[in-house]
Amino acid sequence: MMKTKILFLLFPVLLLGVYFSVFNSEEHLAETKRLLNPIEGCVFMTVMGEQSSKDFNVYKTPDNMSLSVRDGLSWLAKAQLQNGGYGAGSHNAQHVRDPHAVPADPATTAMVATAFLRSGSTLRSGPYATNLKAAINYLLETVERVPSSSPYITDVRNTQIQSKLGQNIDAVLTAQFLANLLDRDLKGVDIKRVERCLDICISKIQSGTDSNGKQKGAGWAGVLQSGLANSALEAAQAVGADVDEEVIERSRNYQKDNYDVTTGGVKTEDGAGVMLYAVSGSVRASAKEARKAQETLDKAKKEGKLGNNENISVENLRKAGLSEEEAIAYNTSYNVYNAAKKTAQQEDVLNGFGNNGGEEFLSFLQTGESLVVNQDSDWKKWYNDMSGRILKIQNNDGSWNGHHCITSPVFCTATSVLLLTVENDIEYLNRVGE
């Protein structure tokens with residue numbers, strides 16, 4: 001009888017214990033070590049295929065992903081500077097790996113802030129709400145201080161990111177982040193202020209687009225800056241920003257023209273001679289119109305305008321209701337997308353470039369997001385294999401780093417987290433592709 005009374009008295013305590021173990025798992029998670037023992041490896045050699053990822057998809061389990069992302073975000077939180085920003089460091093001092101020994105720059109801060117955002121942080125909840133809010137304030141204050149006469153949004157120059165990707169990459173990556181932020185409609189965000197800053201970034205990007213659709217002030221692999229700029233313009237347009245359609249069209253055409261559907265030839269002059277850079281831009285720039293071409297064809301089949309076995313062609317797209325000009329443009333994008341997508345995943349494109357750096361990783365991230373924008377399932381196996389090895393080469397402290405080019409552990413950790421959590425943003429990326 002006494003035992004029964006004791007059990008009744010302890011029962012509420014046991015219930016509370018179950019409650020806290022289930023609903024407050026975040027506190028306990030911090031005491032859990034990652035399940036994977038890290039191996040030697042470079043992030044960028046991994047995504048380029050130079051270090052094999054065969055069968056590494058077995059490591060991409062929910063537990064491994066959760067713990068890896070958790071530790072990456074925790075490391076990034078500790079790497080934040082007092083002004084709320086993050087820095088990649090100087091191109092001339094790439095050996096400096098201490099995140100607190102470099103000045104903040106908008107490009108790196110935008111990547112980290114996007115990683116926090118994509119991982120579920122808001123301004124009012126989550127373990128990194130304070131970090132996200134501080135990073136947003138740094139970015140907004142930086143953009144608001146820029147003189148209207150300046151072609152850039154920051155006076156911090158000669159960063160690793162600028163030297164490798166392009167002088168205007170800060171405006172490009174910041175615009176991508178601000179568009180993503182607006183899409184989420186989070187409480188505590190000064191929407192008008194964010195919209196004004198996004199407009200400033202878009203203005204810098206559009207002013208920096210030459211007559212061919214290429215971004216001026218290109219870095220070593222400037223085609224990537226142009227590809228990311230195209231993505232930024234599309235993302236801004238998706239959240240209602242005023243974007244010049246002519247500039248977007250020029251930007252898309254520049255990217256698509258780097259790939260010849262007929263011959264399979266790739267122009268690599270603006271991509272440091274590296275095929276993957278140009279191909280990833282071609283895939284990204286054509287993804288949105290390729291999706292529209294497929295949707296137009298599918299709709300025409302349902303309405304009986306076309307037979308079920310009909311394929312995409314200029315003639316069929318015209319029968320589906322598009323103008324001659326639209327049909328030609330959508331058909332071209334569809335062909336470029338599908339051909340370039342296959343090329344981007346070929347071993348001879350991913351392998352054999354010798355020295356690999358942060359640009360390759362951005363190419364991989366950009367191509368993966370492109371396949372999501374186009375609602376394409378082909379990216380899945382490729383993503384799982386690469387992600388599995390990314391999980392295995394994470395440093396013990398939770399960070400990742402490159403071995404050269406973009407070596408910054410801050411930039412590499414942010415982009416690694418973005419890669420591992422890309423599926424969290426499927427809805428947003430699909431809206432960008434609409």
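**Helix packing and cores in a predicted model**

Helices α6 and α8 are oblique to each other, a term for angles that are not under 35 degrees (roughly parallel), over 145 (roughly antiparallel) or 65 to 115 (roughly perpendicular). The model is predicted, with local features needing pLDDT of at least 70 and side-chain atom pairs pLDDT 80 or more, while totals for chains, interfaces and linings use all residues. Residues are numbered from 1 along each chain as its sequence is written, and side-chain values use heavy atoms, without hydrogens and water.

The axes of α6 (residues 129-145) and α8 cross at roughly 125° and come within 12 Å, where axes are lines fitted to C-alpha atoms over the stretch in contact and angles run from 0 to 180 degrees between N-to-C directions. Helices here are DSSP runs (H or I, at least four residues), numbered from the N terminus. Leu132, Ile136, Leu139, Leu140 and Val143 of α6 meet Thr174, Phe177, Leu178 and Leu181 of α8, contact meaning heavy atoms within 4.5 Å. The residues of this contact comprise eight nonpolar, one polar and no charged, with Ala, Val, Leu, Ile, Met, Phe, Trp, Tyr, Cys and Pro counted as nonpolar, Asp, Glu, Lys and Arg as charged, and the others, Gly among them, as polar.

Phe177 and Ile205 have the most contacts inside the largest nonpolar core, which has 73 residues; such a core joins buried Ala, Val, Leu, Ile, Met, Phe, Trp, Tyr and Cys residues through side-chain atoms within 4.5 Å, buried being under 20% relative accessible area, exposed over 50% and partly exposed in between (1.4 Å probe, protein chains only). Helix α8 (residues 169-184) gives the most to this core, with nine residues.

Notes
Helix = DSSP H or I, 4+ residues; strand = E, 2+ residues; numbered from the N terminus.
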